Amino acid sequence: MKIKLLLPAIIFLFVGLQAANSQENKTKEENKEGTAGQDGKAGKKKSADISINFGKDDKSDTLDNENKKVRYPRSFGGITFTRVDWGFSRLSDEGSFTLSDDNQFMSYKKSSNFGFDVAQYGIRFTDRFKVYLSAGFEWNYWRLKNDVLLLQDQTPIETENLDPDGKFKKNVFTSTYLRLPLTFELRSHQLNNGKRVKLAFGAMTGVLLKGTQRLKSDKYGKQKFKDTYNLQTFQYGPFVRLGYDNFGIFAKYYMNDLFEKSPEQENLRNLAFGLTLGF
């Protein structure tokens, strides 16, 4: 499924699950408040989560039994669906966003970065600090300006011009990675509304799964090519997230080159930034 079709589906899934979860939480809170009112105590307002978890969850402050405090350190982990990043992907060439002549084949009309986590394991040391390792997937999407074809099975990377009579309407190059971020997360005390301010940072690593080029033209119709295209086999770099409650912003910079074994593309690197859901 194409990313542009997958993303709306995921967003609709989030909205549906969040609505159901919010309604359920609201009902529970109303029941608690009613009971608390009879006892002369006010119910505590909680923040709803935008995530799906199967496993040992990272509960916030107290266990189900409100008289028993959570003990630290404590571990958590399992299958999840959270930390959905959606934003822009920008290429840096020798520190400049203007591409050199050797890298003009990567000039793009628009670009995007999309990813999410599907598994995690970590340790919460205190109410304010935790460390966790997660795994997920990440895509970088570039809609190229020029009618060029990246050749398969070529090292270093080579390109050729497309048929000028093809009338190409779309030329999209995509990289797909298994991402493996190590995260250190800090959060503020619980505010009056039950929400928190959060700061997360760490190392974002990734293992290449595939590269893809998709073409669309009047003459040839839809075409799809798959190869590694000398994309970096293992990418790494720092990242940071800053958020409030379940929403935030992110930035990540990959410190190694976009392509490997391709000297002309040395110091062509990827920078991504945007919004995070389920923080």
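Modeller: Helices and strands here are DSSP runs, numbered from the N terminus: a helix is H or I over at least four residues, a strand is E over at least two. On that basis, the chain has 1 helix and 12 strands.

The model is predicted, so local features need pLDDT of at least 70 and side-chain atom pairs count only at pLDDT 80 or more, while totals for chains, interfaces and linings use all residues. Residues are numbered from 1 along each chain as its sequence is written, and side-chain values use heavy atoms, without hydrogens or water.

Start with burial. Buried means under 20% relative accessible area, exposed over 50%, and partly exposed in between, with a 1.4 Å probe and protein chains only. By that cut-off, 42% of the 279 residues are buried. Next, contacts (heavy atoms within 4.5 Å). Among those with a separation of 6 or more, 71% link residues 24 or more positions apart.

Now the packing. A nonpolar core is a set of buried Ala, Val, Leu, Ile, Met, Phe, Trp, Tyr and Cys residues joined through side-chain atoms within 4.5 Å. The largest one has 18 residues. Leu91, Met106, Trp142, Phe173, Leu231, Leu258 and Phe259 touch the most other members. Strands S4 (129-144), S5 (148-150) and S7 each give this core at least two residues. Another core, of 5 residues, lies apart from it; Val84, Phe114, Phe116 and Trp139 are among its members.

Leave aside the neighbours within four places in sequence. Trp142 then contacts, among others, Leu91, Met106, Phe173 and Leu258. Its contacts also include Ser89, Tyr108, Lys110, Ser111, Asn171 and Asn270.

The interior holds polar groups too. Take Arg179, in strand S7 (residues 168-187). It counts as buried because its relative accessibility is 1%. Its side chain makes a polar contact of 3.0 Å with the side chain of Asp117. Such a contact is a pair of N or O atoms within 3.5 Å; within protein, one must be able to donate a hydrogen and the other to accept it, and residues adjacent in sequence count only through two side-chain atoms.

A second pair involves Thr276, in strand S12 (residues 268-277). Thr276 is also buried, since its relative accessibility is 1%. Its side chain and that of Asp85 are joined by a polar contact of 2.7 Å.

Most residues other than glycine have a negative phi, and most peptide bonds are trans. Arg83, in strand S2, has a positive phi near 50°. At 5% relative accessibility, Arg83 is buried. Asn230 also has a positive phi, near 60°. It sits in the loop between strand S9 (221-227) and strand S10 (234-244). Asn230 is buried as well, because its relative accessible area is 8%.

One runs from Tyr72 to Pro73, with omega near -5°. Pro73 is in the loop between S1 and S2. The other joins Thr155 and Pro156, with omega about 0°. Pro156 is in the loop between S5 and strand S6 (159-161).
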